[in-house]
Every structure is written in C-alpha cells, then in structure tokens.
Amino acid sequence: MNFTLSSKPLANTKADCLVVAVPQKGDWPASSQDADSALGGLLGRLFKAGDLSGKIGSTLLLPVTDQPWDRVLVVGTGADKDRSASQYRKALTSAVGQLKTGPAKHVLMALTDTPITGNERDSSEAARLSLIGRTLEDQLYAFDHYKSEKAPARKLSKVTVAASATVKLLKDAFNLGLATGRGMNFTRDLGNTPPNICHPTWLAGQAEQLARDYDVIKTEILDEKQMKKLGMNTLLAVSAGSSQPARLIIMEYRGGKAKDKPHVLVGKGITFDTGGISLKPGEAMDEMKYDMGGSAAVFGAMKVLAETKPEINVVAVVAAAENMPDGAATRPGDIVTSMSGQTVEILNTDAEGRLVLSDALTYVKRFDPATVVDLATLTGACIIALGNHATGLFSNDDALADQLLAAGERAGDRAWRLPLWDEYQSQLDSNFADMQNIGGRPAGSITAACFLSRFTRDYRWAHLDIAGTAWHSGKAKGSSGRPVPLLVDYLMSHVED
Ligand code: BES
Ligand code: MN
Ligand code: ZN
C-alpha cells in the first residue's frame, strides 16, 4: 500500500477514483467546488435533487467521463457546525470502507479541506491529515492469517491525499497518523493471535523481533528464575498453574536526552485467562485470549515511537503470564509476598491481572519514571460501568489524569475518570494478610484500581481499564487497537517538555 500527500490541483492528477466531501449544511470545500465545476455542475444538481444528502458517512459512487478520474466517490460530511473530529472520522471510515472493496487501484482523496470543529490545534489541517492517515491504515486492516481461503486480493494499492502544501509539518502529521494506524494494527494482530500461539514466550519473541526491526528499541526478557530472585511472587502465583512460563518483557525507547526521566507504560499480558482454580464459566471464554490487550497496546505504542522517533524516553514493561488451573495452581486462600514486601491473600484466582501488575509496578521504580501508565483488561465491572465506549481511568495525580483525558478526547479514543477515594480501600482488608485481592461486587473496577494503588505510591501513576474498549464482541469480534491512539497522543504531547 502506498500513501502519499500531494498539493497538485485535482484536475492535474490522474486517478481511478476521486473522493470528495459534500456537507449536509455549510459551505462546500474548495476541492468539492472544483470537482463540481469540472463535472459541469453535476454534484450541485444531484444535491438539489436529493440524490446526495450530505448526511455524515453517506456515499455515492459516480462513474464519470472525460476527466482525469474514472469515478467520483462523494462522501457526506454532515453539518459544518457539528463536525467534530469523531464525526469527521465517521465520514472517513465509510469512504475507506467503500474503497477497500471497490475496483479503483489509485485513489485521490480530497477530504483534507473539510473543516472540523475544536480549538486551533485540534481542528488544524495537520490534525485532519493525522486522522486521515490513521483511518486509512486502520480501515484497511484484515486478519486472515489462519484462513485457508484468503480474501480476494484488494485492488486498491495507492492513495494520494490532497493537502494545501507538502511541507514538513503536514507530512509529519500524516505520517504520525499512518504510524498510529499501523501501531493499532500491530496491537490487533497480537490480540487476534490465538492463545495456543500467543503465550508469554511468544510475546517475548515479538519484543525481540521489534528490537531487531528497529535499532531504537532495546529489549530485555526476564524468565521465571530471574523473577523469583526479585521476589515477584504475586506475578508467579498467576503462572503457577500453567505449563507456559511467565515472562517480564522490558522494551526501551530512548529518543530524548539521557537526563530526561522516562514515561513508563506497563501492560497486563495474560495470554489466556481461564480464571485459574476460580474457573470462569464457559460462555465466550475464548475472548479471554484478549486478556493481553493492555500489553498489545503497549507494543503498538512502541512501534509508533520506533517509526516516528520523537524526542522522548519511554520504557515499556509487559507482565506476561497464562492463568491456568493445574495441580501446581494457586489456590483461593493462598498468601504470597509481593516484590514490594506487602503480603496478599489470593481469595479469587480470577482476579489475576492485579497480581501480575502489582509486581510489574514495583519493578518499574528502578527507571525513576516521570509517569507510569498501566493498561489492563482488568475488570468485567468496567464494562458494566462504561460499556464499550470509554476506557476507565484512575490516577493518583490530577494533572496526569487530565492529560490522559485530553489525549483521549483529541484522538477520538476516550477515557472517563473514576474515583480512587480512600473509602474504597477498606474493601481490600484481609483477615490474614496485608490485603486480599478482591473487594466484593460493589465498585469492582475501583477496588481493582485501589489494589494497584498500593504499589504505585512512589510515582505519578494512572491506570487504564480497557476491558470494554480493547476488543469488539459479537459478529465483528476482534481486537480494536485501542487505546493506542490515546497513548500516542499522550506521549507525543510530552515531546517538548
Ligand atoms: N480479564 C478479566 C476481566 C475481564 C472480564 C475483561 C470480562 C474483559 C471481559 C479479569 O482477570 C477478571 O477475571 N476479573 C474479575 C475480577 C473479579 C474476580 C474480582 C471480574 O471482572 O469478574
Ligand atoms: Mn481473571
Ligand atoms: Zn484477566
């Protein structure tokens, strides 16, 4: 697939298909007016007649003659005043959806001059190009690795995106968007890979491959023996019942100055969650292959950094384990001593994410982090609270929480903050140890975050519960690539710090 920017007039660019926008209400962008006059006013007539509604995401494909383009795809872009970044992305998504199965090989896309709402930065041409880049990569994703019959080869092979100029600022923005889309697709590949293939050692292999592919990524893998030596007993309690050994995967990207403290990402990497001895019910248990979604997003973000090389230091740590119930498995009632020295009574072996994260969160202190953000498909309760639209956000630092909320808003990959008040902490009181690993049914996502907060007192920390956002269930079952866009926006906003 070839993606390029061009500022040549549309009339001078040959293509199999030209894509233009028609708003439902508002001024037609210059590109649409140009196309309309080249077509002798055809688009205007169709709009008047009602064939073109301009409704957000609606499409009409017109074969045309005597033009440098064989077809024109008209995309409805809604009303100028309601066109937020996410509405704009809706129009882009449906345009790319049409193109991916269509006959056009070379597409000329003139959607960049459609305005969007928001402040100067969020509505800029650069912001729009970034959204276009990301949507192109994201919408052309397919995962048919395990199908004997592959989907028929796609005709589409080149997209030229029209821009006002091909200056560095705009090229960088477009490339960041494309890289973000590819990062999401890497995340999705990892998430979609079946759990008989994607186990902790395989995930570690993915990190090693990333380090081979990109000089700027360094990796280190700890095995169970090394983790034992560090006292990571809560993490090891999770892998105890599996024949697949756990791994702690460390990836470093150092694009900033040596003295700049790193931003640390920590991912939950449960490659399959049966619940362990506290076995889960069978229904939809296959979806627990996505329980490494937090770590998949960390991998995706690292790939974006490796491709775009911003001046920032980022360390990623993935706690990879498989939660299985064999004879060596952890029992409900077992008490283990975490790397932090705090003891944990494991009352439910299905609350395993917090166990692997607690040791990983203790481990990352050694990096003297500027901030630590962990990502985890941590609680079913988060899906009950926020559904599949927003990631749950928890933090011990208001400024950090606000930055993550803003990043999610800008990227169209939203999070919503929930409280971490002291009142909830007592739900974790244990009769026998410093704490227990479950807090009962009320506020299940909050008590899970409270558990993590006991291991993150020494630094600025936020936790993202992505149980509802990391994958789609039902017919469109598959990894979503979230919250890579949020993470990338958040990390990039620290480049000038
Ligand atoms: N991986 C699950 C959380 C989850 C459930 C994510 C459904 C996505 C969909 C996690 O390990 C888990 O099992 N959590 C338990 C915690 C409970 C035992 C306190 C849960 O949510 O039921
Ligand atoms: Mn579980
Ligand atoms: Zn889990």
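This is a predicted model: local features need pLDDT of at least 70, side-chain atom pairs count only at pLDDT 80 or more; totals for chains, interfaces and linings use all residues.
Buried area is the accessible area (1.4 Å probe) that two parts lose on being put together, summed over both.

Residues are numbered from 1 along each chain as its sequence is written, chains are lettered from A and ligands numbered from 1 in the order in which they are written, and side-chain values use heavy atoms, with hydrogens and water left out.

**Exercise 1. Describe how domain 1 and domain 2 meet.**

Step 1: Find the bounds. The domain assignment, which is automatic or from a database, gives domain 1 as 2-166 and domain 2 as 189-492.

Step 2: Look at the spacing. Their C-alpha centres are 38 Å apart.

Step 3: Look at the contacts (heavy atoms within 4.5 Å). Seven residues of domain 1 touch ten residues of domain 2.

Step 4: Look at the area. About 750 Å² is buried between the two domains, with 47% coming from carbon and sulfur atoms. Of the area that domain 1 buries, Arg134, Phe143 and Tyr146 supply 49%, more than any other three residues.

**Exercise 2. Work out the strand order of the open sheet that contains β12.**

Step 1: Know the terms. Strands are DSSP runs (E, at least two residues), and helices are runs of H or I with at least four, numbered from the N terminus; two strands pair if DSSP finds at least two bridges between them.

Step 2: Take one side of β12. Strand β11 (residues 334-337) runs antiparallel to β12 (residues 343-346), with four bridges, and Val336 stands opposite Val344. The two form a hairpin with five residues between them, where Gly341 in the turn has a positive phi of about 95°.

Step 3: Take the pairing with β16 (residues 435-436). Here two bridges join parallel strands, and Val344 stands opposite Met435.

Step 4: The order is β11-β12-β16, with mixed pairing; β11 and β16 are the edge strands, each pairing on one side only.

**Exercise 3. Which residue classes line the second largest pocket?**

Step 1: Know the classes. Ala, Val, Leu, Ile, Met, Phe, Trp, Tyr, Cys and Pro count as nonpolar, Asp, Glu, Lys and Arg as charged, and the others, Gly among them, as polar.

Step 2: Read off the lining. The lining has twelve nonpolar, 13 polar and ten charged residues.
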